[in-house]
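Welcome, and thank you for opening the viewer. Let us take a short walk from stop to stop, with something to select at each one.

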Amino acid sequence: MRSRSFLWRARYQQRFAAPQTVVVQPTTWCNLDCRYCYLPFRKLKHQMPLEVAEALAQAVAQFDDSGHPIGIVWHGGEPLAVSQQKFAALLAPFEALRRAGRVHHYVQTNATLITETWCDLLAAYGVRVGVSIDGPAALNAERVDLRGKPAFDRILCGISQLREHGIPFSVISVVGTIGIAMPEELLEFLASLGGHSVGFNIEEIEGVNTDRQPPTAVQAEEFWRRILSWAREHPGAPAVREVERLAEYLKLIRSGQRAEWDRRRLDPIPTVSWKGDVVLLSPELADTAAPEYGDFVAGNILDRPLPEILRDAHRLRYVRDFLTGLDRCQAECEFFDFCRGAQAANRYFENGDLTTTETNYCRVSRQALVTALSTLATKEAVA
């Protein structure tokens, strides 16, 4: 008779692929204090020791070479809050892998610290840049520094540096209860920045961000409907991340390539903290303590290689509970074929239990997008 561990391993392997992304925390500290931030330790100045970066590079080298580079995503805190010398030292252990096409570096930054010399460093290591900005000044008002002063002008200065030095960048915006009603103004502004793509994170309840009211599903459906209309009317504008993902799904399904879509599995997204602790499934679960799941730490790369930690992922209670939740989603939810089960962190922070299914994140970021497209298509068919 097969052991329960064997069965859990099989269930995990059915749902999850080898990592395509590794999120890395060079520092806990951030020079901003955004009012919706979910990070509990953003005012502590912990920095990653070089030995952690070296251990991670050694671990990544052990992964099979799939022909697709693994994304090493430097995400804080504010990653650029470490010195340029320290950041270069953290990148150095990956250099042989980068030159061999095995990894690509990404950094998600608030852009306030970007200078000419930072641009030189980012270019030297081929770092792909994502900038966090929530729109024009009025919509960016939640992004303030530690003294409560608006960060908007400093973000624009950093973006200007990127543009002047020819460094491509994408943009991610947090959409709150004001921005959700202004999609055209938001897109017009973001398109003017010169990035190659934009992504929208509708504000979520997670981490220490628990007291604010997020947008509703009704607001989100109208938002996505207008986003879809705007994107179609502006074919030369930057790609919208969420629209591109839905378009890719529909293209594969309609062109008879469903098997390719069905073969795709979830990324376990190992997140490596500044001290080497590894959390799986969602970066937002890092630095979280839960009665049911402990601290979500799967291991530390200074004690065990990352591939070994991942091989035992199926033994973790929170991973098993998430697998159970995914099975329930697949059985119960009409959106599962596209959504694939949404995010573990949202299940925990909204419902307190990873075996649960629907969350507000599902409703506003996945379901509302699909429903908005369906509504548009129906109106066009009638017209």
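Start with helix α12: its buried residues pack against α1, β9 (277-279), α13 (336-339) and α14 (344-351). Contact here means heavy atoms within 4.5 Å, and helices (H or I, at least four residues) and strands (E, at least two) are DSSP runs numbered from the N terminus.

Before moving on, a note on what you are viewing: this is a predicted model, in which local features need pLDDT of at least 70 and side-chain atom pairs count only at pLDDT 80 or more, while totals for chains, interfaces and linings use all residues. Residues are numbered from 1 along each chain as its sequence is written, and side-chain values use heavy atoms, with hydrogens and water left out.

**Stop 1: inside α12**

Select Tyr318, Val319, Asp321, Phe322, Leu323, Gly325, Leu326 and Cys329, which are buried in α12. Buried means under 20% relative accessible area, exposed means over 50%, and partly exposed lies in between (1.4 Å probe, protein chains only).

**Stop 2: α1 against α12**

Which residues of α1 meet α12? They are Ser5, Trp8, Arg11, Tyr12 and Arg15, and their partners in α12 include Val319, Leu323 and Asp327.

**Stop 3: Phe338**

Next, pick phenylalanine 338 in helix α13. Is phenylalanine 338 buried or exposed? It is buried, with a relative accessible area of 4%. Beyond its neighbours within four places in sequence, phenylalanine 338 touches Arg245, Leu246, Tyr249, Trp261, Arg366, Leu369 and Val370. Try the distance tool on arginine 245: its C-alpha atom is 9.2 Å from that of phenylalanine 338, though the two are 93 residues apart along the chain.

**Stop 4: Arg340**

Slide along to arginine 340, in the loop between α13 and α14. Its phi is near 70 degrees, a positive value in a residue other than glycine. Arginine 340 is buried too, at 15% relative accessible area.

**Stop 5**

At 34% relative accessibility, aspartate 287 is partly exposed. Finally, go to glycine 77, in the loop between β2 (70-74) and α3 (84-91). The peptide bond leading from glycine 76 to glycine 77 is cis, with omega near 15 degrees.
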